[in-house]
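Here is a short tour for someone meeting this structure for the first time. Have a look at the sequence and the model, then read on.

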Amino acid sequence: MVVLRRLCLCILVWSCVVLAGTRANVTAQADSPTPKPPVARKSPKLDIVHGDRRADDYFWLREKGNPEVAAYLEAENAYTDAVMKSSEAFQEALYKEALSHIKETDLSVPYRQGDYFYYARSEQGKQYPIRCRKKGSLDAPEEVILDLNELAKGHKFLSVGIFEVSDDGNLLAYSTDITGFREYTLFIKNLRTGELLLAPIEKTSSAVWTNDSTTLFYTTEDAAKRPYRLYRHRLGVAADELIYEEKDERFRVWVNRPLSKGYIFLTSASLTASEVRYLPADRPEAPWKLVAPREPGHEYYLDHHGGLFYIRTNQGGRNFRLVTAPVSDPQEENWKELIPHRPNVMLEATKFFAHHSVLFEREDGLPHLRITDLRTGKWHRVQFPEPTYMVSHGENHEFDTVNCRYQYQSLITPDSVFDYDMEKRQAKLLKQTEVPGGYDPKLYLSERIYAS
């Protein structure tokens with residue numbers, strides 16, 4: 001639980017030691033010499049941008065491979081250890097207190113994708129989760145598909161980025177970072193044999209399978225951690241094909257596939273503009289087509305259902321509106337407005353199921369879920385029980401379903417996973433994060449107060 005220990009120290013020690021341990025520290029250190037902090041040398045570096053002169057005396061500390069940088073950081077750590085030594089017992093007490101409120105052996109809510117139920121479980125004393133699945137039902141035998149604790153052996157850190165299972169359930173594209181610098185390396189694993197099918201691909205950021213499970217599209221980053229290239233990998237073919245390269249350094253690219261699985265989208269976006277290309281998900285060799293070319297200040301993003309693209313665009317207002325376009329010819333002159341721009345409602349995201357759409361909206365600072373029956377056009381908002389809360393996407397991987405999964409939490413309600421029946425308008429609590437140690441939400445009150 002190294003990560004947890006560090007988190008506890010960051011959040012608790014630096015605040016609680018000052019409040020509860022100041023007197024003890026002063027007493028303990030009174031008879032011992034005060035350690036002197038290391039002093040980094042100054043090496044001025046001058047940058048002139050747009051006539052503005054900026055001097056950075058410590059730019060050299062960015063050089064990760066410089067032995068002098070490592071030596072300086074080790075000296076900083078030694079100084080910290082010396083200053084904090086008298087509080088070690090207190091730190092340990094804080095760590096144990098925080099740990100006592102965390103359920104170490106736990107299980108995530110399984111979600112269905114194809115023929116399998118996928119979930120992650122954690123075990124006491126192990127730092128990382130174990131990703132598993134069961135075929136057909138939750139009573140079936142467990143299949144471990146990715147044990148992060150095994151992958152982490154020999155490394156000081158591990159994080160998983162991409163986790164994409166092919167439609168036939170036989171292949172897993174996943175990426176790991178062992179540096180802590182968000183540098184992810186892509187692997188493809190044969191889930192039937194456990195074999196890795198291609199050489200590791202470094203600095204990847206997104207990936208998606210085609211419908212026939214034989215082709216993987218993935219994006220890679222440049223030296224500035226900017227995703228800028230799209231490649232196509234075909235199983236059994238040694239060389240991957242470069243499909244697209246984003247030349248404009250303001251733009252980043254990513255690839256995704258909507259729930260309908262009808263198309264694959266390549267989005268290229270800056271902070272203020274975007275453009276989207278699309279490809280039929282069952283035709284990986286087909287040419288990519290552009291919906292609308294980028295223009296300053298125009299952001300738009302795609303979803304798909306039936307014969308239409310649903311486009312979230314800020315053309316007409318900064319809060320975005322929703323338009324449709326025929327997949328046969330989605331250029332801008334064919335866009336038809338479905339939901340106009342609303343000055344008081346932000347349209348943040350969309351998700352389209354077989355018979356329903358879910359719009360993630362924000363009004364008065366609070367998130368809302370707007371559910372529309374695509375057969376009748378009637379819509380409603382999901383009702384939440386507290387005056388202030390957070391709602392986010394859940395694990396939704398099935399297109400033909402009446403259930404939308406979301407995660408809910410508030411200042412007094414632990415993270416909770418719900419399935420919402422979009423036809424019956426009923427929410428079912430599947431799991432709420434357990435807080436050991438006697439936490440009772442009834443002892444607390446959450447309010448939202450307005451003031452001029």
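Two strands pair if DSSP finds at least two bridges between them. Helices (H or I, at least four residues) and strands (E, at least two) are DSSP runs, numbered from the N terminus. With that in hand, His356 stands opposite Asp373 in E25.

This is a predicted model, where local features need pLDDT of at least 70, side-chain atom pairs count only at pLDDT 80 or more, and totals for chains, interfaces and linings use all residues. Residues are numbered from 1 along each chain as its sequence is written, and side-chain values use heavy atoms, with hydrogens and water left out.

So how confident is the predictor? The score, pLDDT, runs from 0 to 100 for each residue. The protein's mean is 92, with 93% of its residues at 70 or more. Residues 1-30 stay under 50, and the model gives them 40 contacts (heavy atoms within 4.5 Å) beyond four places in sequence. Where pLDDT is low, the predicted coordinates should not be read in detail.

As for the overall picture, the protein has five helices and 30 strands. Its C-alpha atoms fill a box of roughly 80 × 60 × 55 Å along the principal axes. Of its 452 residues, 43% count as buried, meaning under 20% relative accessible area with a 1.4 Å probe, protein chains only (exposed is over 50%, partly exposed in between).

Now back to the strands around E24. Seven of the eight residues of E24 (residues 356-363) are buried, so the strand is largely enclosed by the rest of the structure. E24 forms a hairpin with E23, with three residues between them, and another with E25, with two residues between them. In the turn between E24 and E25, Asp364 has a positive phi of about 55°.

| Pair | Residues given | Bridges |
|---|---|---|
| E23 and E24 | E23: residues 345-352 | seven bridges |
| E24 and E25 | E25: residues 366-373 | eight bridges |
| E17 and E18 | E17: residues 274-280 | two bridges |

The last pair belongs to an open sheet of four strands, in the order E15-E16-E17-E18, with antiparallel pairing. Strands E15 (252-256) and E18 (289-290) stand at the edges with a single partner strand each, so one side of each is left without a neighbour in the sheet.

Technical notes. pLDDT is the predictor's confidence in each residue, from 0 to 100.
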